[in-house]
Amino acid sequence: MVKTILSSNYSFPGQKSIYKGKVRDVYTIGNSWLVMISSDRISAFDVILPRLIPFKGQVLNQIAAFMLKATADICPNWLVSVPAPNVSIGKKCDPFKIEMVVRGNLTGHAWRTYQSGKRELCGVEMQEGLKENDFFKTPIITPSTKASEGHDEDISSDEIVRSGLASSYEWEILSDYALKLFERGKEIAAKQGLILADTKYEFGKIGETIYLMDEIHTPDSSRYFYADDFEQRQLKGERQKQLSKEFVREWLIKNNFMGKEGQTVPEISEEWVNTISGRYIELYEKVIGEKFIPQHLADDEIYEKVTASLAKLI
Ligand SMILES: Nc1ncnc2c1ncn2[C@@H]1O[C@H](COP(=O)(O)OP(=O)(O)OP(=O)(O)O)[C@@H](O)[C@H]1O
Ligand SMILES: [Mg+2]
């Protein structure tokens, strides 16, 4: 039986609070630092599913760390150290309550919107004549609100500025960073024979400086396709092989679950859990280009590593 990580409950030196996100446990240390522990929880349509996915926390944390390091020349980011496979420590930011979604291809929510006949998303026009997964002429930004409760909602840049979620000056910086990060993400993916189809970034501030925070370019925050047979599959109207959480969403939709009220999560078999875990590991190996080494640290070992890492900061 593989050990999975459900939820953590540490008490680190200087700890002020614990926030349990859908996937990560976020510990605030003093006023300036965060310890983020990635669990093996999986969420879809903003709901935490009832099964844990072995090694998912490690996969997410290590891909995010790799990508944050590979983009650090574009904009400042929150990450300071990775003391354990599923733990990151970094700077606590004051978050913008928006998600900067960048889309290179017409997929997921954008495709569902397009299919319904709409040609506009978040105030951005989508050109006529596209098929599912086709490339947009250039990547588009389709932000959403980061709701404290309930589902995130589409929002336009005008509404963001009007409602004060970001000033117009900040919006310019956020969108510039988001597009540059996406470009870099696509380059990294291309080297590995992948297409980064879409992703989302979160930003926050420390003083007046805007930081990139959270995870980036992970299977939870992004969609990837295989590049080699992409064109052929598009021409033939075949499905693209998804390297992301999208296949879980598709399976849920097929089983009548989209996170809406009154719907229940379908039974998730052991076999399906292992399939999902395998896909996460596959994505790690494809994206990073290295073999995934599963690691299990005991709770007290994690505690010691985190404490040692924090001691250098505070
Ligand atoms: N450097 C940072 N400073 C402040 N908050 C951060 C930072 N990095 C990430 N976060 C926040 O930490 C949380 C990470 O938890 P997780 O990803 O599990 O939550 P989520 O599923 O995205 O959403 P929710 O928080 O709504 O449950 C997110 O709310 C994210 O915005
Ligand atoms: Mg998140």
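Select Val 23 and ligand 1: a backbone N or O atom of Val 23 sits 2.7 Å from an oxygen atom of the ligand, a polar contact (a pair of N or O atoms within 3.5 Å). This is a predicted model, where local features need pLDDT of at least 70 and side-chain atom pairs count only at pLDDT 80 or more, while totals for chains, interfaces and linings use all residues. Residues are numbered from 1 along each chain as its sequence is written, and side-chain values use heavy atoms, without hydrogens and water.

Next, pick Lys 91. One of its backbone N or O atoms lies 2.9 Å from a nitrogen atom of ligand 1. Move to Asp 214. A polar backbone atom there is 3.1 Å from a nitrogen atom of ligand 1. Now show the surface. Protein covers 87% of the 610 Å² of accessible area that ligand 1 has on its own (Shrake-Rupley method, 1.4 Å probe).

Widen to the shell, meaning residues with a heavy atom within 4 Å. Around ligand 1 there are 16 residues, and Tyr 19, Val 23, Arg 24, Lys 91 and Glu 202 come nearest.

Finally, select helices α1 (residues 56-70) and α7 (residues 270-288). Their axes, lines fitted to C-alpha atoms over the stretch in contact, come within 9 Å and cross at roughly 20 degrees. That makes α1 roughly parallel to α7 (under 35 degrees).

Note on methods: Chains are lettered from A and ligands numbered from 1 in the order in which they are written. A polar contact is a pair of N or O atoms within 3.5 Å; within protein, one must be able to donate a hydrogen and the other to accept it, and residues adjacent in sequence count only if both atoms are side-chain atoms. Axes are lines fitted to C-alpha atoms, for helices over the stretch in contact, and angles run from 0 to 180 degrees between N-to-C directions. Helices (H or I, at least four residues) and strands (E, at least two) are DSSP runs, numbered from the N terminus. Angles under 35 degrees count as roughly parallel, over 145 as roughly antiparallel, 65 to 115 as roughly perpendicular and the rest as oblique.
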